[in-house]
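Please walk through this model with attention first to how its two chains meet and then to the surroundings of one ligand.

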Number of protein chains: 2
Amino acid sequence: MFPSYDVIVVGAGHAGCEAAAAAANMGSRVLLVTMNMQTIAQMSCNPAMGGIAKGQIVREIDALGGYSGIVTDQSMIQFRMLNRSKGPAMWSPRTQNDRMLFATKWREALEQTPNVDFYQDMVKGLLVKDGKCYGVITGLGHEIKAKSVVLTNGTFLNGVMHIGDKQFGGGRVAEKAATGITEQLVSLGFESDRLKTGTPPRIDGRSLDYSKMEEQKGDEEITGFSYLDVEKIKPEQQRSCWITYTSAEVHEALKTGFDRSPMFQGRIQGVGPRYCPSIEDKINRFAERERHQLFVEPEGWNTVEIYVNGFSTSLPEDVQYKALQMVPGFENCRMFRPGYAIEYDYFPPTQLQFSLETKQVQNLFFAGQINGTTGYEEAACQGLIAGMNAHLKASGQPPFVLKRSEAYIGVLIDDLINKGTEEPYRMFTSRAEFRTLLRQDNADLRLTEKSYRLGLASQERIEKVQQKQEGVAKVKSILKELPLDPEDINHHLEEKNSALLTQRQRAWQILLRPGMDILSMKNRVQKIANALESFSAEILEQAEIQIKYEVYIEKENELVKKMSQLEDLVIPEAFDYTKLVSLSSEARQKFNKIRPRTLGQASRISGVNPSDVQILMVYMGR
Amino acid sequence: MFPSYDVIVVGAGHAGCEAAAAAANMGSRVLLVTMNMQTIAQMSCNPAMGGIAKGQIVREIDALGGYSGIVTDQSMIQFRMLNRSKGPAMWSPRTQNDRMLFATKWREALEQTPNVDFYQDMVKGLLVKDGKCYGVITGLGHEIKAKSVVLTNGTFLNGVMHIGDKQFGGGRVAEKAATGITEQLVSLGFESDRLKTGTPPRIDGRSLDYSKMEEQKGDEEITGFSYLDVEKIKPEQQRSCWITYTSAEVHEALKTGFDRSPMFQGRIQGVGPRYCPSIEDKINRFAERERHQLFVEPEGWNTVEIYVNGFSTSLPEDVQYKALQMVPGFENCRMFRPGYAIEYDYFPPTQLQFSLETKQVQNLFFAGQINGTTGYEEAACQGLIAGMNAHLKASGQPPFVLKRSEAYIGVLIDDLINKGTEEPYRMFTSRAEFRTLLRQDNADLRLTEKSYRLGLASQERIEKVQQKQEGVAKVKSILKELPLDPEDINHHLEEKNSALLTQRQRAWQILLRPGMDILSMKNRVQKIANALESFSAEILEQAEIQIKYEVYIEKENELVKKMSQLEDLVIPEAFDYTKLVSLSSEARQKFNKIRPRTLGQASRISGVNPSDVQILMVYMGR
Ligand SMILES: Cc1cc2nc3c(=O)[nH]c(=O)nc-3n(C[C@H](O)[C@H](O)[C@H](O)COP(=O)(O)OP(=O)(O)OC[C@H]3O[C@@H](n4cnc5c(N)ncnc54)[C@H](O)[C@@H]3O)c2cc1C
Ligand SMILES: Cc1cc2nc3c(=O)[nH]c(=O)nc-3n(C[C@H](O)[C@H](O)[C@H](O)COP(=O)(O)OP(=O)(O)OC[C@H]3O[C@@H](n4cnc5c(N)ncnc54)[C@H](O)[C@@H]3O)c2cc1C
């Protein structure tokens, strides 16, 4: 019934969809097997993409030729560039999305990918012989063969949901769990463990009083995620989100359910995400905080369903409800569905190679939540890399690996492979030691060419990148040359409260001054307007960032070089870590216990941050 | 956590959605509880609405103020008026729909209905005391109270799916089954039994060769289902369906799987729909037929998924696939998902009153597939009536019941209540003895006022009906009067091959001639054009039908009267049914066995058709 495939992808969540698209677009014949074709690319939790560090990942996925950025742009209902007031390394695009439209657009994109076949069935096991995977076995008993297999089972492997003292099996509410795979992998020598994640209750928006909340509007300008020209909504069409807060009263109400909490009573064994905790976790761990922020987010264009971001919980439902009613604006709220926690199997990712192929079984790749991560973006980027490498492996080519200095994706995979994770892993800017380099504005400049060479990023993409590069170079050289006399620009310097010119200066010099920016200079200074007339806003912005942050960028580039040389640097055996007061206490403990032999090894110890490694370097005289 | 509701509706399929909307729009405070809010109004099987007899039902639902017609109009991708070449009693509107859009529009419509609350949970049992239902118990343990409860569980009650020799529990693929309710109802004295239905495989449209099939385009004019002005697609935007055929070869291939057929091997105990049989059933029962027609139907605007209407099957998947590949155009087909059969619990509907309230337990209503019917339209109309009556009961008013002579809905419920059903019941025009009255064009004239009086149909609807009535009356009186001289119309009569006028005649007389129709008369005859200028196409069509079919309509109206008088007519005890050769053999057997006491009772025996009753009447001298 089935041909022999190059790549089989199991599961059509965020990881599986990217994996299938990437392998197919590189030329593999791909089968995407998923339990339910109606739930392709379903957002299990909040209808939003991007955010701090995650937004950078989505742009990287897009730069590499993945679909997440395009689909997100097509289905957004609100766009915000977070952290605009900080330096460009911190800028992070984030969208609110229409949940149904997001899934629809993903499915359409996949259906329009010629090499992707679909099949609805549950994969129950793998075909493995002599340590090599050569296909899958489905619930209906089909043996389907492939050169590479990518597992992206998400939260479905032996999934169990919890609300208060109730438990029920399933991969998401009302969906079945997947069984068989964990058991087989364990019998093949894999280690598996349990993790948990949670989701907040959904509310009937008609029952909320928005006058008691703060409105959070979308940005006035929508740049979006994709570097391609995707048709997007107009800024004035955006839907607002709303902000409200818990209170001591809410916390007290929640505490009345702690004796029935599956987490506190030990019914949930899996470890939850430390950085995306449930509300009961937050109350417990940050007892001193009087309130927590809640984001009240619409689920789409035409639905009244509301997502209460920040109120993830598995407390008994009556407690969820009672507490919510004390939140300003929620006095008369009606619940559509309660929050819940879900426990599932994952495979500690130290069992993987950099390509996301498993060490134990050849031709078998893991991506997404199955590797212990949490988040759509984290899943999607792993899917993309696993899909690329599944194709490369199937066609006898060397793997594609991104370094920590090249992409957040590189940081993520390096962290997973080397440090593993004992709790659901999510990305933060602090995990990236070279974050000035890994900006959302330059993911295309960093990555598209690599992917184009491998046959994934399209001709259109690479041409856009080249145009951008050329444009930026031109702008930079124009500004380097362009002489400005006091009468050209003093009116603008005055507006900006910047020292007036007394003699001619180059535009570049003036741009370097704090508070100056290229757009207003162009708008207010005729000479600059004339010189930069033909350049797009994107190119001008990029040139500005490169000019204004040159020093930092250079410094990091040097650090990258230095680090790669230091990788093998031997740490003296008797090194006294207690001297290093600025080390984090966790790093000091671990160093003392493990006594790493090289700086490279030290940097890969779980719990050790890039900053700890830098401190070590400094103390070793580098 | 929950207020006390007027009406709780369990399940958000076609029946549940209509029930919730109807009760809410009549003024009840309604809670719609469903297992998965992502699957509201999901089309479990083919993405199409209406068709013969079913199209009439959708128009009746619309005339009564239900939502199915509106939602269907908003989500159609193709419209056809079936049977246009036959008399207007047979005209049946049918649409192909975008599956996702249909569900989205339903959900939006419900969310915009102020009195409907939603709750996602599985109902596990009913609150019953002293033979009265007063609420439900959910999987999460909530007891939610209500004055009336409507159960619309569809195929979910102890659902089991079959493909070849594989079985798995669930309400639809990858969805969980519902448990608990059947067991409780049986303990309360209800009878339950098993039925089955099936669905065909879904195919990747990119793998089909349409040049080997016949194209079936949409109509050039789209009237749609709703009597309101719903925005619809333009005729030229429609998507085509395609027709192809099985063959002796295909049948032979299918037969190779009969030894693993869950149906033929007795693993499925439930009875399947006789009139919507699986392909293996068709081959078996109509062994003489060399081929069966297959409709190849797109599932939506932008998806490549294809529904193979006519190929419903639960044979092993490899057999499905092998056989399909022999169908012209399917040589290289790829399957997205196999066909399957599903077995589920139903409650023989003789346990219901005309209001759809159960006889055993007060305030408890059943609607949809749980009553042994099959089909979206059959489910939706029961939901509407159950919702209306749940509201009426909750507010102490008498029930709303439609007669067989008033609506297909009346026929359906009368059949169910009185005859029960031992196989999935679907509607046919032949079930309606008064089908000349029950046309798709006059459902508004028949029903809207009744519903308006009860507070369901809106002011807008009733005004449209009144306008239509007035318009029709005016057109009729104009035509009755309007004198036409030979020179006015002979050119048109010549075109129509109709005898020329030699003297003046009324327009009405001429319209009565076979082959004449009001639209062409208006287009070709200036005098008529002038007289009818201000009337809409709908009004003209209605007037024409009333004029041209007056005799038949009158005859049926009289029959209705006569039948209602005969209801109590006593059949002589010794009546000899063997004399009545024209009786169907099933009716003769049943009459002989049961020996009904009155004509009314005779007509309600299962397997007895309206025509059998009429024969009986004639022999009894009426
Ligand atoms: C309740 C819940 C709450 C969450 N909360 C958050 C949050 O607050 N913040 C956050 O960032 N992330 C959250 N997440 C995580 C986020 O949803 C996931 O990280 C992300 O969706 C993982 O993507 P994935 O592709 O790995 O898996 P999924 O999106 O889970 O997709 C898995 C896919 O595989 C299919 N599948 C599984 N097993 C099989 C099989 N054997 N055969 C065939 N198909 C199979 C499934 O049907 C599904 O399509 C939450 C997830 C859940 C379930
Ligand atoms: C596989 C299959 C094939 C079919 N083939 C055809 C066909 O070829 N032609 C045709 O005309 N018809 C067909 N049908 C029938 C058609 O789908 C149904 O008749 C129609 O959908 C019934 O509508 P309903 O509202 O009664 O139930 P459904 O549409 O089944 O909806 C039931 C709803 O109730 C919910 N629910 C169930 N139990 C509970 C509970 N305890 N608590 C909360 N919620 C609950 C479910 O989640 C669902 O939303 C088929 C159905 C199936 C499943």
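Buried area is the accessible area, taken with a 1.4 Å probe, that two parts lose on being put together, summed over both. In this predicted model, chain A and chain B bury about 4,200 Å² between them, with 50% of that area on carbon and sulfur atoms. The contact involves 49 residues of chain A and 49 residues of chain B.

Polar interactions also cross this interface: 32 residue pairs are in polar contact, counting pairs in which both residues have pLDDT 80 or more, and the rule finds four salt bridges between the chains. One salt bridge joins B:Asp117 to A:Arg334, whose closest N and O atoms are 2.8 Å apart. On the side of chain A that touches chain B, the elements giving two or more residues include helix H4 (99-111), strand S6 (116-120) and helix H8 (317-324), and H4(A) gives the most, with seven residues. That side of chain A is made up of 20 nonpolar, 13 polar and 16 charged residues.

Turning to ligand 2, 34 residues surround it, and B:Ala15, B:Cys45, B:Val123, B:Gln369 and B:Gly375 are the closest. An oxygen atom of ligand 2 lies 3.1 Å from a polar backbone atom of B:His14, an oxygen atom of the ligand is 2.9 Å from a polar backbone atom of B:Ala15, and a nitrogen atom of ligand 2 is 3.0 Å from an N or O atom in the side chain of B:Asn153. Taken alone, ligand 2 exposes 980 Å², of which the protein buries 97%. Within the shell around ligand 2, S12(B) gives the most, with three residues, while the shell residues divide into 16 nonpolar, 16 polar and two charged.

Conventions. Residues numbered from 1 in each chain as written. Chains lettered and ligands numbered in written order. Predicted model: local features only at pLDDT ≥ 70, side-chain atom pairs only at ≥ 80, totals over all residues. Heavy atoms only, no water. Near = heavy atom within 4 Å. Polar contact = N/O pair within 3.5 Å; in protein donor to acceptor, adjacent residues only side chain to side chain. Areas by Shrake-Rupley, 256 points an atom, 1.4 Å probe, with all protein chains shown as cover. Helix = DSSP H or I, 4+ residues; strand = E, 2+ residues; numbered from the N terminus. Nonpolar A, V, L, I, M, F, W, Y, C, P; charged D, E, K, R; others polar. Contact = heavy atoms within 4.5 Å. Salt bridge = Lys/Arg side-chain N within 4 Å of Asp/Glu carboxyl O.
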